[in-house]
Each structure stands twice: as C-alpha cells, then as structure tokens.
Amino acid sequence: MKKILFFLLTGFLFNVFAQEIVIKNPWVRAVPPTAKNSALFMIIQNNSDKTDVLKTVKSDVCKMVMIHRTVKQGDIMKMVHVHELQIPPRSKVALKPGSYHIMLMGLKRPLKVGEILEFKLIFKNAGEITVKAPVKMK
Ligand SMILES: [Cu+2]
C-alpha cells in the first residue's frame, strides 16, 4: 500500500515539474459594459531548454484575439500587433498593462467582475494550454 502511494505521489510530482510552459496569475481587465475591447494578462514561464512561441489565443468571449505590445513613440503610447510571442528557454515573459497583452477585440457581451473566462493558448512546442482567468478591476 505504501509503495502504491509512493508511486502515485512521485508520478504526480513528476507531472508538476515536467510542465514545460506554466501560466501564472492570468487575469482579464474589467471594462465598462459598453466597452468593445479588453485585455488578458499573465506571466508565461518556459521551463524547457528551448524557446517556445505563443502563436495564437482562442476565446469565445470576443470576435478576435490578437497579441499586442504597448510601445512608447515619443510621448504617445501605441499598441502594435505582435505576430508571435517568443518565450526564451528557462525564462518568463510578463504580459502586463503597458507592455505585452492579449487583446480581446469585439467583446460579445459585457464582462462581470469576478467571473472566470476560459482561453486556449496555442504554443509551438507545448501545444494547447487552457487558461482560466478571472475578470478583475486592477
Ligand atoms: Cu492592445
């Protein structure tokens, strides 16, 4: 019995540590009910030895999803479309306000603070990862 428990436990731990891409603190920005767009933020950690690439994000909550980066041009903040987001080996990339973000364009309905939205992130190596992100005021 103890042996079985040991194998179950090591199997579980192996799975946890074997995750090549780990998503931390995902959240969606709360917006007024009339807003057409919002954004998804998170930290993407690559535990593998090779660069992975976030290629697309899928969501039912909006018509189109795009990877964006906010950049400063002179005194103006501008959002630019990023075709692929590279996550270098053994490092992490923060998607946060004023930087990289997943733009949710053409919201199909108002978002409620506290509700959990589901997204599918498609990575070149890690494949499809489902992310559950709460809608927050922050
Ligand atoms: Cu944007």
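This report describes the fold, the copper site and some side-chain details of the structure above.

The structure is a predicted model, in which local features need pLDDT of at least 70 and side-chain atom pairs count only at pLDDT 80 or more, while totals for chains, interfaces and linings use all residues. Residues are numbered from 1 along each chain as its sequence is written, and side-chain values use heavy atoms, with hydrogens and water left out.

**Overall fold**

The protein has one helix and ten strands. Helices (H or I, at least four residues) and strands (E, at least two) are DSSP runs, numbered from the N terminus. From that end, the order of the elements is α-β-β-β-β-β-β-β-β-β-β. Of the 138 residues, 37% count as buried; buried means under 20% relative accessible area, exposed over 50%, and partly exposed in between (1.4 Å probe, protein chains only).

**The copper site**

His68 (ND1), Met79 (SD), His101 (NE2) and Met103 (SD) coordinate the copper ion at 2.1 to 2.3 Å. Donors are N, O and S atoms within 2.8 Å of the metal (3.2 Å for Na, K and Ca); water is not among the atoms, so sites may look incomplete. The arrangement is tetrahedral because the angles between the four donor atoms are 94 to 118 degrees. Four donors count as tetrahedral if all angles lie between 85 and 135 degrees. The donor residues follow the spacing H-x10-M-x21-H-x1-M in sequence. His68 and His101 link distant parts of the chain, being 33 residues apart. Both of these histidines are buried.

| Residue | Strand | Strand residues |
|---|---|---|
| His68 | β4 | 62–73 |
| His101 | β8 | 100–107 |

**An aromatic pair**

The count of aromatic pairs comes to one. Rings of Phe, Tyr and Trp (its six-membered ring) pair if their centres lie within 6.5 Å; planes under 30 degrees apart count as stacked, over 60 as edge-to-face and the rest as tilted. Trp27 and Phe41 form a tilted pair, with 4.7 Å centre to centre and 35 degrees between the planes. Trp27 lies in strand β1 (residues 21–29) and Phe41 in strand β2 (residues 37–46), 14 residues apart. Both Trp27 and Phe41 are buried.

**Ser59**

Ser59 sits in the loop between β3 (52–58) and β4. Its relative accessible area is 16%, so Ser59 is buried. Leaving aside neighbours within four places in sequence, Ser59 is in contact (heavy atoms within 4.5 Å) with Val65, Glu118 and Phe119.

Key: Tetrahedral: all angles 85-135°; square planar, octahedral: opposite > 155°, others 65-115°.
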